[in-house]
Structures are given as structure tokens and as C-alpha cells.
Amino acid sequence: MKQLTFFFIFYFLVQICFAQKFVPNYDESKVPDFEVPDPLVSFKQKEINSKKDWEKKRRPELLDWFTQNMFGEVPGDLRIVSYEIIEESDDALNGKAKRKQVEISFKKKGLTLDFTILIYLPKDVQKAPLFIGYNFYGNHTISDDVNIVISDAWASNNASLGIQYNQLNEKSRGVRTNRWAIEKIIDAGMGLATVYYSELDPDKNDFSDGIHPFFYKNGQEMPAVNEWGSIAAWAWGLSRAMDYLEKDDDVDASKVIVFGHSRLGKTSLWAGATDERFAAVISNNSGCGGAALSKRKFGETVWRINSSFPHWFCKRFYRFNNKEENLPVDQHQLLALIAPRPLYVASAEEDQWADPKGEFLSTFYATPVYNLYGKKGIETIEMPEVNQPVQNTVAYHIRTGKHDVTDYDWEQYIKWAKQELKIEE
Ligand code: GCU
């Protein structure tokens, strides 16, 4: 009897400890005290106060930290072997736009991989600036356009979208039109390019598929602890799409804005940090591992994301599970890697899991790096009211509603992109 009582007391104590550690915190008063690592003080405690020192010393060491300890290194080089325009039309979207579907191919050691970029361009612009971003369920979901080719890449099943047997099909055509304001973009004289993210790497904890095996050494079956997870693989894919866009005469490759929502917002930030050809970067509700400060441990935490999605980051990042206080960096420094290029971070009021306040604070703490270039960022620590965007070179808004991409978000991105990249209609 005594033993049983002891056992139960022990069991309940363990439960309490676990609950405190692992239940997400949504209470601002329980956010731990922490110091925000200064983007302008090097790991060796040297102050950085010129563009030159930022570019030659601090930026490289931060980029290296995020590469080796969080997103993982791309273990080599792989070039596009061919690209083919598999379909095009001058009469898309009721005659307003041109459409192209371009298949990009890779081959190595008997392996092949293709991904298809769907592009809409305004007809009356010679070289159009454009937004590029991944979609979650296939190119054919972003519009009702019957000409969009359905990908045969792996898809996660989703009963409400009619996706079964891990295969995309006609039923999901157009189901995500609400997330892609194509006509607004075209009317603004800009283009849109999108790719189905699974074509680069299916979003599951399996490194035998997608692009990773192209880089394995003999006998290797998964990336080493400092090598790329899926987010870095998706970001790499965006850079390869950029390789193509640079060759497309209808596109102004100096004005390509990389966009992403949620896990794909984490991806757009990493793509923007690693590839300076992206002229501007948008993170929509990217949350933990994206724009949100990890040390706040608000909503999703490092432990939680690494447990639910063990394949997103490199294995070395696991060291910070429930140990955010040991991180020598935080996510505002990821944002700073994008400086001086325009950066937009957007949150949603009901998306507490992504920690809107942590996303906002990141933009504020990244701003000193933009200031080095004479660029304006988020200059006050007071969060703006809901639906009151602040649009400087670093821009931020929090809108009403849930985790999503809405027309409101796109209206802000378009207005800001035109202002920052000097785009004329
Ligand atoms: C989960 C995950 C988030 C991610 C989101 C998404 O909620 O915890 O980190 O951003 O999925 O990609 O939709």
C-alpha cells in the first residue's frame, strides 16, 4: 500500500513537471526574462558600427550560425540540367495575363527530380517584377484555371480538399484561390510565380525522397547533424527557381519578392537570408523558427516544433529543445540577414501559436542593422494596432482573423512592394 502511494505521488509530480515544461504558454506575464542578443555585437563581443563590418564580419558569422545550427548546410552544388516550357498562353485570366508552366529538371547518379513553376505575368508590362512563393497543395489549387497541370508529387491526405492516397487530383482545383490574390497582383503590373513545395521535398520525416538523396555520399541515408532539413531544401528550391527567372526575358529578375506563409514563411526568410538575389522578402504568419523570437517561449517552442516536425531543421537544432536560453542568437538576427533589402513580417491576431508579439519584436530588434544602411525599419517597440500597417523598408502588420493569407495581406504587400522597389503601373 505504502509503495503504491509513493508511486502515485511520484507519478503526479512527474506529470506536473511535464505539464509546466510542455504546455504552450499564452500568458504574457509568464514570458521569461531574457536578453535579446545584439545583432551589432559580434560573438567575440566586438561592436559593429559600419556597413563594412556588418558585411565582412558580423553577417557572415550569423549566417554561418544559422546554417550550421538551425537550418543546416546544403552539402554541395547541383545545377538545373534543363528547363522546358511545358505550357504557355497569352490569354490567361480573361485575357489579362500570360501564363507559363516551366518544368525544371535535375539529374544525378541515376536520380531525377522535376519541379514546375507556374507563372502569371501582366500582359502589358515588358519585364514584370514578381512575387514567388510555394503553395501547400499543388499549383492547381491556387486558381480555378483549368490549364494548370496537376502535380504527381506526394501529397499529405486531406479529406476536406479531397486528397486521398497521397495523390493530388481534380477535386482540389481552385481550393486555395482565397490565398492568392492573382488578379490584384496582375492589376498592379506585377507577376506571380508558384511551385508546389512537395516537389522539392515531401513534407514528412523521411530523407529517402525529395532532393536530399542527390547529395548523399556513398552509403549515406540521411543528412549529417549540421546538414539541411526540409526548410533549407525548400529554400534551395526557391534559389533554383530564381536561376530560371534570371533567364526569363518576361521577368525583371532584379525585382523578385520571395513570399511564404507559415512553414513556407520560415522558408521564404531562409531563402532571402541565403540568396541575395531576392530583392525583398515577405514572411506571412511564420511563427516559431521564422520571425518569432524563440526566447519568449510563447505559443510554439523549439522543443515543440522539433518534436512535431523533426525534419524541418538540422539535428543540431535539437540541442535547444527547452533550452532557448542557451541560444546565442534569436530570430531577429535571421531577419537582419535580409538587410538592407525590404522585409515584411505579418501576423494575425488569432494566430497566437505563431506569437504575433514575438514576430513584431523581431522586426524592431532587427532594425538597427537596417539603420546602418540609412533605411527605416520598425522604430518603436510599441506594437501597432490591429489592421494598422507600418510600412518602412522593414514593414509589419497584424490583421484581424486567423492563421491564413488574405486579400488584406496581399493588398499590403503589393502597396509596400511598389513603394520599396519603385514599381510603376
Ligand atoms: C504548424 C506548425 C507551425 C507552422 C504551421 C504551418 O502549426 O506548428 O510552425 O508554421 O504548422 O506551416 O501551417
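This is a predicted model: local features need pLDDT of at least 70, side-chain atom pairs count only at pLDDT 80 or more; totals for chains, interfaces and linings use all residues.
I started with the second largest cavity and found it lined by Cys288, Gly289, Ala292, Leu293, Ser294, Lys297, Phe298, Glu300, Trp353, Ala354 and Asp355. For my own record, a cavity is a set of points on a 1 Å grid over the protein atoms alone where a 1.4 Å probe fits but cannot get out, and lining residues have an atom within 4 Å of a point. I noted a volume of about 60 Å³ for this second largest cavity, taken as the space filled by probe spheres set on the points, with points joined across faces, edges and corners. Its lining splits into 6 nonpolar, 2 polar and 3 charged residues; Ala, Val, Leu, Ile, Met, Phe, Trp, Tyr, Cys and Pro count as nonpolar, Asp, Glu, Lys and Arg as charged, and the others, Gly among them, as polar.

Residues are numbered from 1 along each chain as its sequence is written, and side-chain values use heavy atoms, with hydrogens and water left out.

Next, the cavity search as a whole. I got 3 cavities of 30 Å³ or more across the structure. The largest cavity holds about 90 Å³, and its lining includes Tyr134, Asn135, Arg176, Arg179, Trp180 and His261. Strand S4 (128-135) and strand S6 (251-261) are the elements giving two or more residues to that lining; strands here are DSSP runs (E, at least two residues), numbered from the N terminus. By class I have 7 nonpolar, 3 polar and 2 charged residues there.

Then the ligand. Which residues surround it? I listed Ser262, Arg263, Lys266, Glu300, Ile305, Phe309, Trp312, Trp353 and His403, each with a heavy atom within 4 Å. That shell divides into 4 nonpolar, 2 polar and 3 charged residues.

I checked polar contacts (pairs of N or O atoms within 3.5 Å). A polar side-chain atom of Glu300 sits 2.6 Å from a ligand oxygen. For Lys266 the distance from a polar side-chain atom to a ligand oxygen is 2.9 Å, and for Trp353 I also read 2.9 Å to an oxygen of the ligand. The ligand alone exposes 320 Å², and the protein buries 82% of that (Shrake-Rupley areas, 1.4 Å probe).

Last, I looked at a hairpin. Strands S1 (residues 82-92) and S2 (residues 97-108) pair antiparallel over 8 bridges; pairing needs at least two DSSP bridges. I found Ala92 opposite Ala97 in S2. The hairpin leaves 4 residues between the strands, and Leu93 in the turn has a positive phi of about 45 degrees.

Technical notes
A polar contact is a pair of N or O atoms within 3.5 Å; within protein, one must be able to donate a hydrogen and the other to accept it, and residues adjacent in sequence count only if both atoms are side-chain atoms. On a 1 Å grid over the protein atoms alone, a cavity is a set of points where a 1.4 Å probe fits but cannot get out, and a pocket is an open set with protein on both sides within 12 Å along at least five of seven lines; lining residues have an atom within 4 Å of a point.
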